[in-house]
Amino acid sequence: MNLLIKNVALLSMKEEQPLMENTNIYIEGDTITYIGEINPDIKVDRVIDGTKKIAMPGLINAHTHLGMSLFRNYADDVPLFDWLSKHIWPVESKLSAEDVYWGSLLSMIEMIYSGTTTFCDMYFFMDEVAKATEEVGIRGVLTRGIIEESDAEINKEKLRDTRKLYNTWHNKAEGRIKVMVGPHAPYTCSSSYLKEVVELAKELNTGIHIHVSETKKEVEESLQKHGKSPVKHLKDIGVFDVPTIAAHCVHISDEDIEILKEMKVSPVYNPTSNAKLASGFAPVDQMLKKGINVALGTDGPASNNNLNMFEEVHFAATINKALNYDALAVPALEALKMATINGAKALLWDKEIGSIEVGKKADIVIIDIDKPHFYPHHNLISALAYTAQASDVDTVIINGKIIMENREIKTADVEKVMYNVGKRAKELIGKK
């Protein structure tokens, strides 16, 4: 289907001209083919009126655990390691593949409602996550979470699972699915096992998605065990020799920051989750000023407790000003870049998504700014970072297909999904 979005303000995320006040966007199939004045020579099947609206690239949630929506609001106000070991891991051990399917589908619906068109997920039963991704029409990077166990055969099986996931799903669903390798963290995977993970990533010619330096405890234990920080440890054993998405990077030193820059690692900032779990605040402004590609994520819906990327943008653009006593820290446009083009770069997808440009995939969200909290329209870039709410997302287009219009999702039975998640979550918590 060929689409025209007409008379719309456009935040393209292009360096030379990020904002156009009034323009038209033509989409042929899954691709943006023309941006500019109305072109009567281009035939379209549908016209979307963009008057009093902003079109922008779909948001990219660069780190999450979608299936954990089943545990939303279940174990809150608890320290991270207690939260994991006493609450989450015992219940996760009871999860079925079908549980993860419904939980992930719910999370995808929530993301679409709030303007996210691409995610990077680390969890279990990833075939089910892939099926949900294919069905609902969203775009995603799938990583099977790998935690080393005492049984060597089980550890090998986890690597085989990842290879199978890659061979089955990479570049499938009209190219909307990619697969990376997902070792959980350097404190849950030994050096030797991580080296096997790196070899698998090289074999598959893909990247790595891993938690790094999320808590002080993690860093202190790494210093005791390895005599170096988690960042330095991962570099020394070769993890950063392949493209790496490093979730969190909260407790990192100046030396660590230099390593991240040198090795072209993409940290993912998860401000709400880090704050809620009392992990601390990542030195985002310092990393950005070093030219590091910092992306943005929500973390899982059990530790956030939502998947609202506009909330993360707002948090990223405000809290760092207070932390640095600097009103210029993480400006509005920089926070929006973290949620769009920086996320695309982290996911090795920036040639196709992350900005609205001719030749790129049509992953576009349309924001309704004809609302009291948006008036007056002084600065639309500021408005998207400091004012916009998830509920302002009117239309979501992914890969050229209208997935949501007038806040109606067209690719999922939302009521059915909510019912199934509620039923399964209640049964799971009862099994603890």
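**Strands, cores and sites**

Tutor: Ile 366 has Thr 395 as its bridge partner in strand E15. Bear in mind that this is a predicted model.

Student: How many bridges join E14 to E15, and in which sense do they run?

Tutor: There are 4 bridges between E14 and strand E15, residues 393-398, and the two run antiparallel.

Student: And which residue of E14 is the bridge partner of Ala 55?

Tutor: That is Ile 366 again. The pairing of E14 with strand E5, residues 53-57, is antiparallel and covers 5 bridges.

Student: What does Ile 367 touch?

Tutor: Setting aside residues up to four places away in sequence, Ile 367 touches Lys 52, Lys 53, Ile 54, Met 56, Phe 310, Phe 374, Leu 384, Asp 392 and Val 393.

Student: Cores next. Which residues touch the most other members in the largest nonpolar core?

Tutor: Phe 71, Trp 83 and Ile 367 do, in a core of 114 residues. Helix H2, residues 97-113, gives the largest share of this core, with 9 residues. At least three residues come from each of domain 1 and domain 2.

Student: What about the second core?

Tutor: The second core is separate and has 15 residues, including Ile 5, Ile 25, Ile 364 and Ile 366.

Student: You mentioned domains. Where are the bounds of domain 1 and domain 2?

Tutor: Domain 1 is 2-57 + 357-409, and domain 2 is 61-347. Their centres, taken over C-alpha atoms, are separated by 28 Å. The contact takes 29 residues from domain 1 and 28 residues from domain 2.

Student: What does UniProt place at residues 54-403?

Tutor: The unreviewed UniProt entry has the feature "domain: Amidohydrolase-related" there. In the model, that span is 43% helix and 18% strand, and its end C-alpha atoms lie 17 Å apart.

Student: Where does UniProt place the "binding site" feature?

Tutor: The unreviewed entry puts "binding site" at Glu 92, Arg 144, His 184, Glu 214 and Asp 299. From this set, the lining of the largest cavity takes in Glu 92, His 184, Glu 214 and Asp 299.

Student: Take Glu 214, then. Where is the place of Glu 214, and what does Glu 214 touch?

Tutor: Glu 214 is in the loop between strand E10 (208-212) and helix H6 (216-226). Not counting residues up to four places away in sequence, Glu 214 touches Leu 80, His 248, Val 250, His 251, Asn 274, Leu 277, Ser 279 and Asp 299. Asp 299 is another of the positions that UniProt lists under "binding site".

Student: Does Glu 214 count as buried or exposed?

Tutor: Glu 214 counts as buried because its relative accessibility is 6%, and the cut-off for buried is under 20%.

Student: Back to Arg 144. Which strand does Arg 144 lie in?

Tutor: Arg 144 lies in strand E8, residues 139-146. With a relative accessibility of 16%, Arg 144 counts as buried.

Student: What does Arg 144 touch?

Tutor: Beyond residues up to four places away in sequence, Arg 144 touches Tyr 123, Phe 124, Met 126, Lys 158, Asp 161, Thr 162, Leu 165 and Gly 182.

Student: Gly 182, then: where is the place of Gly 182, and what does Gly 182 touch?

Tutor: Gly 182 is in strand E9, residues 177-183. Leaving out residues up to four places away in sequence, Gly 182 touches Met 122, Thr 143, Arg 144, Gly 145, Ile 146 and His 209. Gly 182 is buried, with 0% relative accessible area.

Student: What is Asp 49 in contact with?

Tutor: Apart from neighbours within four places in sequence, Asp 49 is in contact with Lys 6 and Asn 7. Asp 49 and Glu 16 are 26 Å apart in space, C-alpha to C-alpha, and 33 residues apart in sequence.

Notes: Residues numbered from 1 in each chain as written. Predicted model: local features only at pLDDT ≥ 70, side-chain atom pairs only at ≥ 80, totals over all residues. Heavy atoms only, no water. Core = buried A, V, L, I, M, F, W, Y, C linked by side-chain atoms within 4.5 Å. Buried < 20%, exposed > 50% of the residue type's maximum accessible area, 1.4 Å probe, protein only. Domains from an automatic or database assignment. Contact = heavy atoms within 4.5 Å. Pairing = 2+ DSSP bridges. UniProt positions renumbered as here; feature names shortened; annotations may be inferred. 1 Å grid on protein atoms, 1.4 Å probe; cavity = no way out; pocket = protein on both sides within 12 Å on 5 of 7 lines; lining within 4 Å.
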